[in-house]
Amino acid sequence: MKTSTAALAVLLVAVLCYQVSSSPRGVNVPGSCCLHYATKAVPASRVVTYEHTGSSCDLPAVIFTTGLGKRVCGNPDDKWVQDILNHRDNAGSG
């Protein structure tokens, strides 16, 4: 019984480590919440999509996804984040 409990614990830790390592930088697992903001601005030309974190998240953020699939959390109050959002919103209208 102790062996199966230990094996289950090891399996659980392995699954959690996999989820954390495969999650976006600064994004909490599960869900789309950010733990911290990116320290460097993401070039607007590399952003493919973005999403706002939900109201259940402690840290309001914008999650940018690049063409390479990298996900980065941005502070919605930062100028670089607002610039990307404005650029993308304006590109869709007109």
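Predicted model: local features only at pLDDT ≥ 70, side-chain atom pairs only at ≥ 80, totals over all residues.
Buried means under 20% relative accessible area, exposed means over 50%, and partly exposed lies in between, with a 1.4 Å probe and protein chains only as cover.

Residues are numbered from 1 along each chain as its sequence is written, and side-chain values use heavy atoms, with hydrogens and water left out.

**View 1**
Welcome to the overall fold, with two helices and five strands. Helices (H or I, at least four residues) and strands (E, at least two) are DSSP runs, numbered from the N terminus. Of the 94 residues in the protein, 27% are buried. The protein exposes about 6,600 Å², and carbon and sulfur atoms supply 59% of that area; accessible areas come from the Shrake-Rupley method with a 1.4 Å probe, and for residues only the protein chains shown count as cover. Contact means heavy atoms within 4.5 Å. Among contacts between residues at least 6 apart in sequence, 36% join residues at least 24 apart.

**View 2. The disulfide between C34 and C73.**
Here is the partner of the cysteine that opened this page: a disulfide joins C34 to C73, with 2.1 Å from S to S. A disulfide is a pair of cysteine sulfur atoms within 2.5 Å. The bond links distant parts of the chain, as C34 sits in strand β2 and C73 in strand β5 (residues 71-74), 39 residues apart. The torsion about the S-S bond of C34 and C73 is about -85°, so this disulfide is left-handed.

**View 3. The disulfide between C33 and C57.**
How many disulfides does the structure hold? There are two disulfides, and this view shows the one that joins C33 to C57, with an S to S distance of 1.9 Å. C33 belongs to strand β2 (residues 33-34), while C57 lies in the loop between β3 (47-52) and β4, 24 residues away. With a torsion of about -80° about its S-S bond, the C33 and C57 disulfide is left-handed. C33 is buried at 16% relative accessibility, and C57 is buried at 12%. If you number the bonded cysteines in sequence order, the pairing reads 1-3, 2-4.

T53 lies in the loop between β3 and β4. Is T53 buried or exposed? At 13% relative accessibility, T53 counts as buried. Leaving aside neighbours within four places in sequence, T53 is in contact with S32, C33, C34, L59, P60, A61 and I63. Two of the bonded cysteines therefore come into this view as well: C33, whose disulfide partner is C57, and C34, whose partner is C73.

**View 4. The largest nonpolar core.**
In soluble globular proteins, nonpolar side chains tend to be buried together. A nonpolar core is a set of buried Ala, Val, Leu, Ile, Met, Phe, Trp, Tyr and Cys residues joined through side-chain atoms within 4.5 Å. The largest one here has ten residues: A38, V42, V47, V62, F64, V72, W80, V81, I84 and L85. β4 (62-66) and α2 (79-92) each supply at least two residues of this core, and the largest share, four residues, comes from α2. Take V47 as a guide: beyond its neighbours within four places in sequence, V47 is in contact with V42, F64, T65, T66, I84 and R88.

**View 5. A cluster of aromatic rings.**
Which residues do ring pairs link into a cluster? They are Y50, F64 and W80. Rings of Phe, Tyr and Trp (its six-membered ring) pair if their centres lie within 6.5 Å; planes under 30 degrees apart count as stacked, over 60 as edge-to-face and the rest as tilted. The structure holds two aromatic pairs. In one, the rings of Y50 and F64 have centres 6.3 Å apart and planes at 50°, so the pair is tilted. This pair links Y50 in strand β3 with F64 in strand β4, 14 residues apart. Y50 is partly exposed, at 26% relative accessibility, whereas F64 is buried, at 0%. F64 and W80 also form a tilted pair, 5.6 Å centre to centre with 40° between the planes. W80, in helix α2, is 16 residues from F64, and W80 is buried with a relative accessible area of 18%.
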